[in-house]
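Here is a briefing on one protein chain. Keep the sequence and the 3D view open while reading.

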Amino acid sequence: MSKRMRQYLGILAALVSYYVIHEGAHLIYACASGVFEKVRFLGLGVQIVTDTQRMTDTQLGLFCTVGAIATIIVAYALTLAAPAICKMESKVFKACMYYITMTMLLLDPLYLSVLCVFFGGGDMNGIALLVPEWAAKAFFGMLLVINGILFWKVALPKYKNAFAK
């Protein structure tokens, strides 16, 4: 399989994995809280719809926070697992894991620190019910920098070496 095809598959795997993990965390929280209504498909996106009238501000804030927490936990697990992943023979698998790791490390911190201003608040609207929005943006901005360095200094060199073989 060509390098370009592996890249496309990796990006697709990253998008699917992101939605499964991020929205899956929202879904689990909504079901556990008894406020789940439906799953809404929005073009390329997915949204978990809840009965917000039955939720306190704290519950709504936690609902909006769990998606980011789940992706960050998976990101750190994948970063720790990078040496084992890079020993695998399959270049397709390694490419998928590379893009999934990058997405999990960077997407939520990027969105919640910068992009939410331009594309609607999304989860930030609920997180702002727990802490001031400026504090949440600052936290996720710092997390973006930390995770960017983690990717650049830890994960990227391992994957570069694995693909060079």
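The side chains of Glu133 and Lys137 form a salt bridge, with 2.8 Å from N to O. Both residues sit in helix H5, which spans residues 133-164. They are 4 residues apart, or about one turn of the helix. The model is predicted.

**Salt bridges**

- The structure contains 2 salt bridges.
- Glu133 is partly exposed, because its relative accessibility of 35% falls between the 20% and 50% limits.
- The side chains of Arg54 and Asp51 make a salt bridge as well, at 3.7 Å from N to O.
- Which of these residues is buried, and which is exposed? Arg54 is exposed, at 53% relative accessible area. Asp51 is buried, at 18%.

**Fold and overall dimensions**

- The protein has 5 helices and 2 strands.
- Read from the N terminus, the order of elements is α-β-β-α-α-α-α.
- The C-alpha atoms occupy a box of roughly 55 × 30 × 25 Å along the principal axes.
- The radius of gyration is 17 Å. A compact globule of 165 residues would come near 15 Å, so the value agrees with that expectation.
- Contacts between residues 24 or more positions apart make up 68% of the contacts with a separation of 6 or more.

**Nonpolar cores**

- Which residues touch the most other members of the largest nonpolar core? They are Met97, Tyr98, Ile100, Phe151 and Tyr159, out of 20 residues in that core.
- At least two residues of this core come from each of H1, helix H2 (57-86), helix H3 (91-113) and H5.
- H3 gives the largest share, with 7 residues.
- Tyr98 touches Phe151, Leu156 and Tyr159, leaving aside residues up to four places away in sequence.
- A second core of 16 residues is separate, and its members include Ala30, Ile48, Phe63 and Met124.

**Surface**

- In the protein, 39% of the 165 residues count as buried.
- Met1, Met5, Tyr8, Ile11 and Leu15 make a nonpolar surface patch of about 530 Å².
- Met1 belongs to the segment before helix H1 (3-33). Met1 is exposed, because its relative accessible area of 60% is over the 50% limit.

**Two further positions**

- Val145 lies in helix H5. Is Val145 buried or exposed? Val145 is exposed, with a relative accessible area of 51%.
- The C-alpha atoms of Val145 and Leu106 are 8.9 Å apart in space, while the two residues are 39 residues apart in sequence.
- Lys165 is in the segment after H5. Lys165 is exposed, with 76% relative accessible area.

Methods
Residues are numbered from 1 along each chain as its sequence is written. This is a predicted model: local features need pLDDT of at least 70, side-chain atom pairs count only at pLDDT 80 or more; totals for chains, interfaces and linings use all residues. Side-chain values use heavy atoms; hydrogens and water are left out. A salt bridge is a side-chain nitrogen of Lys or Arg within 4 Å of a carboxyl oxygen of Asp or Glu. Buried means under 20% relative accessible area, exposed over 50%, partly exposed in between (1.4 Å probe, protein chains only). Patches are made of residues with over 30% relative accessible area and no salt bridge: like charges are joined within 9 Å, nonpolar side chains (Val, Leu, Ile, Met, Phe, Trp, Tyr) within 5 Å. Accessible areas come from the Shrake-Rupley method with a 1.4 Å probe; for residues, only the protein chains shown count as cover. A nonpolar core is a set of buried Ala, Val, Leu, Ile, Met, Phe, Trp, Tyr and Cys residues joined through side-chain atoms within 4.5 Å. Contact means heavy atoms within 4.5 Å. The radius of gyration is taken over C-alpha atoms; the globule rule is 2.2 Å times the number of residues to the power 0.38.
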